[in-house]
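Take a first look at the model below. The text after it leads you through a few of its parts.

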Amino acid sequence: MNGDEQLLRGRVYGRDHDDPHPGPLPHHTYATLIGGPLDGLLLDITGWRPEEVGAGVALPTELGQFPGGRSVYEPRPGEPCVPGPGVSCRFHYSGDIR
């Protein structure tokens with residue numbers, strides 16, 4: 001794991017590395033991003049409906065195959081997603097889009 005990867009691990013997507021609280025907050029629900037350019041980041045899914053969680057997400061990033069594009073992350077079929085605070089599920093990398 002290089003220094004950039006270590007900097008991302010355990011942080012919440014969308015928060016700056018110099019944010020005073022870049023990690024998870026109590027009473028929030030998160031999905032862990034697995035693989036791809038955002039591997040190790042947490043995505044805040046607090047308040048998402050089950051169908052939104054099941055659909056996955058395309059996250060803007062400069063780290064993917066297409067600078068200024070998006071990296072797509074989705075839950076795997078049959079993998080549990082437990083409601084409630086903390087890390088409740090995992091979203092797996094499925095590719096980059098423009």
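The paragraphs below cover a sheet, a pocket and a loop residue.

This is a predicted model, in which local features need pLDDT of at least 70, side-chain atom pairs count only at pLDDT 80 or more, and totals for chains, interfaces and linings use all residues. Residues are numbered from 1 along each chain as its sequence is written, and side-chain values use heavy atoms, without hydrogens and water.

Strands here are DSSP runs of E with at least two residues, while helices are runs of H or I with at least four, numbered from the N terminus. Two strands pair if DSSP finds at least two bridges between them.

Strand 1 (residues 29-34) and strand 5 (residues 86-97) run parallel, joined by 6 bridges. Tyr 30 stands opposite Val 87 in strand 5.

Turn to the pocket lining. Residues around the second largest pocket include Trp 48, Arg 49, Cys 81 and Ser 88. A pocket is an open set of points on a 1 Å grid over the protein atoms alone, where a 1.4 Å probe fits, with protein on both sides within 12 Å along at least five of seven lines; lining residues have an atom within 4 Å of a point.

Finish at Gly 14, in the loop between helix 1 (3-8) and strand 1. Its relative accessibility is 68%, so Gly 14 counts as exposed (over 50%, with a 1.4 Å probe and protein chains only).

Technical notes
Buried < 20%, exposed > 50% of the residue type's maximum accessible area, 1.4 Å probe, protein only.
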